[in-house]
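Here is my note on the model you sent. Please read it with the structure open.

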Amino acid sequence: MLKHIHFIAGLLATLAIATFFLSTVVVELFGSHEAVASVKALIVMPGLLILVPAIAATGGSGFFLSKSRQGRLVDIKKARMPFIALNGLLVLIPCAIFLNKWASEGAFDSMFYLVQGIELLAGAVNLTLMGLNIRDGLKISGRLRIQHTR
Ligand code: HEM
């Protein structure tokens, strides 16, 4: 049960960040300011409402799972988690809230694009760390086997 919660919450959180990232890049490249403002609003609501509990559930269930599972991969996953959580809380969430505010006011100035750049960078860092946690999680659970040819 806990494993299922961890699996679903982990995938949901990763998919949420990937969706925010891709929709931002696409709308910034091809969309109008109104379209950018709509995407920025959707990322805050319902986006953050989905992402924040999903990350919390992933971290919480992961720490419970690690009580019965030990080893190098578990330790590495555990070590990545504070970076994922702090990056989310201190960078991604404030960026999303400010970008939504500025976009809704039509304030697409250099500050907007600076913060947008920071958000994309932090999003890419979290996607990488979460991707590595998925890979190592699947290795721990035995779903991902490395093929050795010799
Ligand atoms: C965003 C962060 C994380 C993501 C995306 C993630 C993702 C995953 C995935 C996809 C699995 C495979 C589950 C399965 O095959 O059913 C897994 C397994 C596992 N994860 Fe995570 N995980 C994260 C954080 C953590 C943390 C912080 C810990 C705590 C150390 C942790 C501990 C584990 C353990 C022990 C397993 C193996 C479960 C088992 O087979 O008994 N994970 N994780």
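1. Overall fold. Read along the sequence, the pattern is α-α-α-α. The protein has four helices and zero strands. Helices here are DSSP runs of H or I with at least four residues, strands are runs of E with at least two, and both are numbered from the N terminus. The C-alpha trace spans about 55 × 35 × 20 Å along its principal axes.

2. Ground rules. This is a predicted model: local features need pLDDT of at least 70, side-chain atom pairs count only at pLDDT 80 or more, and totals for chains, interfaces and linings use all residues. Residues are numbered from 1 along each chain as its sequence is written.

3. Of the 150 residues, 24% count as buried. Buried means that 20 or more other C-beta atoms lie within 10 Å of the residue's own; exposed means 12 or fewer, and partly exposed is in between, with C-beta atoms placed from the backbone. Among contacts with a separation of 6 or more, 80% join residues 24 or more positions apart. A contact needs C-beta atoms, placed from the backbone, within 7 Å.

4. Helix 2. Its 36 residues should span 52 Å at 1.5 Å a residue, and the end C-alpha atoms are 50 Å apart, which agrees. The expected span is 1.5 Å times one less than the number of residues. Helix 2 bends by about 55° at G47. That bend is the angle between axes fitted to the seven residues ending there and the seven starting there. G47 is also buried, as are L51, A54 and I55, among others in helix 2. The buried residues of this helix pack against helix 1 and helix 3.

5. Nonpolar core. Which residues touch the most other members of the largest nonpolar core? They are A13, I17, L51, A54, I55 and A96, out of 17 residues. Helix 1, helix 2 and helix 3 each give two or more residues to this core. A core is a set of buried Ala, Val, Leu, Ile, Met, Phe, Trp, Tyr and Cys residues joined through C-beta atoms within 7 Å. Look at A54: leaving out residues up to four places away in sequence, A54 touches A9, L12, A13 and A16.

6. Ligand shell. The ligand is surrounded by 26 residues, and the closest are G10, G62, M81, G137 and S141. Helix 1 (2-30), helix 2 (33-68), helix 3 (72-104) and helix 4 (110-140) each give two or more residues to the shell.

7. I76. This residue lies in helix 3. I76 counts as exposed because it has 12 C-beta neighbours inside 10 Å.

Definitions and conventions. A residue is near a molecule or strand if its C-beta atom, placed from the backbone, lies within 6 Å of it. Two residues are in contact if their C-beta atoms, placed from the backbone, lie within 7 Å.
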